[in-house]
Each structure stands twice: as structure tokens, then as C-alpha cells.
Amino acid sequence: MSFVNEARKEAIKGVKKGQGGPFGAIIVRKDKIIARAHNTVVSGHDPTAHAEINVIRKASKKLKTFNLSDCELYSSCEPCPMCFSAIYWARIKKVYYVATRNDAARAGFDDANFYEILNGKKKSTTKMIKVNDKKGLEEFHIWAKKQDKKLY
């Protein structure tokens, strides 16, 4: 079985159902598919419901862990910056993909635009405003003192 083809089948499934863009992903552990998902941005009214995010959520729930370092991700397309960040947080060490960010851009998706902003080649239209608050770091102090915290 070609895992990358399974990711592509998942992408096609989502497109045919009208749930979102042409993106599918699977997570594999020890040569076994743990989870599969496709983009559900449109049907779920959720801009974060990319295939990679959805599949990470499913695999983490199934395996009852937020650490997927013993898994690999197969995607129909190069992950966008948001998905890459989720993959990195999940500690997934290998990602296989078919289409590139440029292929996605030609199909009307602006992944390349996000990469340009993150690379400093383009200015973001989102304003980030630091707010000064008297209790601003209280939650971090509570976290630092917590004895049973799980770092991730």
C-alpha cells in the first residue's frame, strides 16, 4: 500500500463531499495507518480544519498522547505554515508530501503568501499589539510553580 496515495484518496474524498480543499493526510506508526483525515474548512466553518491538523487530532486522541514522535505523516500537499507548526508541536519527525506550496498557489490557495510573510519578504496585514497588564504573567508564574506539569 502506498501511504502517499492513501493521503491523496483522502483528499479526493473530501473534495467530492464538498467539505473543503483538495488536501488529505494520514498518520502512520510502525507501517500501520493510525488516522486519516481531509480538509474540512468549508463544512466545519473552521479555518484551522486543514487535513494535517485534523489527522493529528485524530491520531493523538486514538493514541492518547500529544507526542507523535514515533509516527510519520503523509500528505497530499506540502503543509502550510500552520500545519507545519502543528506537525512540529506533535514532534513528528518525517513528513512525505506530493504537491508543493507553488502547486497549491496555482490552484488558488495562498500558502506561498504565508511563507513570504514568515520569511520577511512580505508584510503581514495582521497587526500584533502587545498589551501591558498588571497581572500579565500571573498564569506563567502559576505554571512555573506547578509540580505535576507535563512539558510539551
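**In the largest nonpolar core, which has 22 residues, I27, V55, I56, A59, L68, L73 and I92 touch the most other members.** Two or more residues of this core come from each of β1 (24-29), β2 (32-38), α3, β3 and α4. Helix α3 gives the largest share, five residues. A further core, of six residues, lies apart from this one and has F3, I26, V28 and Y74 among its members. A nonpolar core is a set of buried Ala, Val, Leu, Ile, Met, Phe, Trp, Tyr and Cys residues joined through side-chain atoms within 4.5 Å. Buried means under 20% relative accessible area, exposed means over 50%, and partly exposed lies in between (1.4 Å probe, protein chains only). In soluble globular proteins, nonpolar side chains tend to be buried together.

The model shown is predicted: local features need pLDDT of at least 70, side-chain atom pairs count only at pLDDT 80 or more, and totals for chains, interfaces and linings use all residues. Residues are numbered from 1 along each chain as its sequence is written, and side-chain values use heavy atoms, with hydrogens and water left out.

**The elements of the protein run α-β-β-α-α-β-α-β-α-α-α from the N terminus on.** There are seven helices and four strands; helices (H or I, at least four residues) and strands (E, at least two) are DSSP runs, numbered from the N terminus. The C-alpha atoms fill a box of roughly 55 × 40 × 25 Å, taken along the principal axes. Of the 152 residues, 33% count as buried.

**The contacts of V55 involve A25, I26, I27, A35, R36, A37 and L73, once its neighbours within four places in sequence are left aside.** Contact means heavy atoms within 4.5 Å. In the protein as a whole, residues 24 or more positions apart account for 47% of the contacts with a separation of 6 or more.

**Helix α4 (residues 81-89) holds the buried residues P81, C83, A86 and I87.** Their cover includes α3 (51-63), β3 (72-77), β4 (94-99) and α6 (111-118). Just after α4, R91 takes a positive phi of about 70°.

**The count of disulfides, pairs of cysteine sulfur atoms within 2.5 Å, comes to zero.** C80 is in no disulfide, and its nearest cysteine sulfur, that of C83, is 3.7 Å away. C83 is likewise in no disulfide, with the sulfur of C80 as its nearest, 3.7 Å away. C80 counts as buried because its relative accessible area is 8%, and C83 counts as buried because its value is 1%.

**The side chains of R101 and E78 meet in a salt bridge (2.9 Å, N to O).** R101 lies in helix α5 (residues 101-106) and E78 in the loop between β3 and α4, so the pair ties together parts that are 23 residues apart in sequence. R101 is partly exposed at 25% relative accessibility, whereas E78 is buried at 12%. A salt bridge is a side-chain nitrogen of Lys or Arg within 4 Å of a carboxyl oxygen of Asp or Glu. The structure holds eight salt bridges.

**Within helix α1 (residues 3-17), K13 and E10 lie three residues apart, about one turn of the helix.** Their side chains meet in a salt bridge (3.8 Å, N to O). K13 counts as partly exposed at 37% relative accessibility, and E10 as buried, with 5%. An α-helix has 3.6 residues a turn, so residues three or four places apart point the same way. Elsewhere, a network of salt bridges links E6, K9 and R36.

**The side chains of D148 and K146 meet in a salt bridge (2.9 Å, N to O).** D148 is exposed, with a relative accessibility of 56%. K146 is partly exposed, with 37%.

**A nonpolar patch on the surface is formed by F66, W89, W143, L151 and Y152, with about 630 Å² of accessible area together.** Patches are made of residues with over 30% relative accessible area and no salt bridge: like charges are joined within 9 Å, and nonpolar side chains (Val, Leu, Ile, Met, Phe, Trp, Tyr) within 5 Å. W143 belongs to helix α7 (residues 138-145) and is partly exposed at 34% relative accessibility. The accessible surface of the protein comes to about 10,700 Å², of which 56% belongs to carbon and sulfur atoms. Accessible areas come from the Shrake-Rupley method with a 1.4 Å probe; for residues, only the protein chains shown count as cover.
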